[in-house]
Amino acid sequence: MTLKELKALKEEFEKDGRQAMAVYLTSEQAKELRWEIHQLYGFDPGEMLTTLYGMSVAAIDAPTFRFEE
């Protein structure tokens, strides 16, 4: 998953007026996002991503990807 894909999924989720407050990422998704952040900004955000696009990262090892309102 890329940052662009995450943003698109968040926007799709929020189309009907809901607001994504938290995101649950699988370990593979978290790894890919962490790598992309490192490549774009030149620093490693650490194992636990704290926020992405205004959402708290509730899990970096969830069994499935999902948003929480």
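Is F65 buried, exposed or partly exposed? Here are some notes on the aromatic rings.

1. F65 is partly exposed, at a relative accessible area of 24%. Buried means under 20% relative accessible area, exposed means over 50%, and partly exposed falls in between (1.4 Å probe, protein chains only).

2. A word on the ground rules: this is a predicted model, where local features need pLDDT of at least 70, side-chain atom pairs count only at pLDDT 80 or more, and totals for chains, interfaces and linings use all residues. Residues are numbered from 1 along each chain as its sequence is written, and side-chain values use heavy atoms, with hydrogens and water left out.

3. Rings of Phe, Tyr and Trp (its six-membered ring) pair if their centres lie within 6.5 Å; planes under 30 degrees apart are stacked, over 60 edge-to-face, and the rest tilted. That gives two aromatic pairs. F13 and F67 have ring centres 5.1 Å apart and planes at 45°, so they make a tilted pair.

4. F13 belongs to helix 1 (residues 3-13) and F67 to strand 4 (residues 66-68), so this pair links parts 54 residues apart in sequence. Helices (H or I, at least four residues) and strands (E, at least two) are DSSP runs, numbered from the N terminus.

5. F13 is buried, at 13% relative accessible area, and F67 is buried, at 13%. F67 also pairs edge-to-face with F65, at 5.0 Å centre to centre and 80° between the planes. F13, F65 and F67 form one aromatic cluster.

6. Look at R18 too: its charged end sits over the ring of F13, 3.9 Å from the centre (NZ of Lys or CZ of Arg within 6 Å of the ring centre and within 35 degrees of the ring normal).
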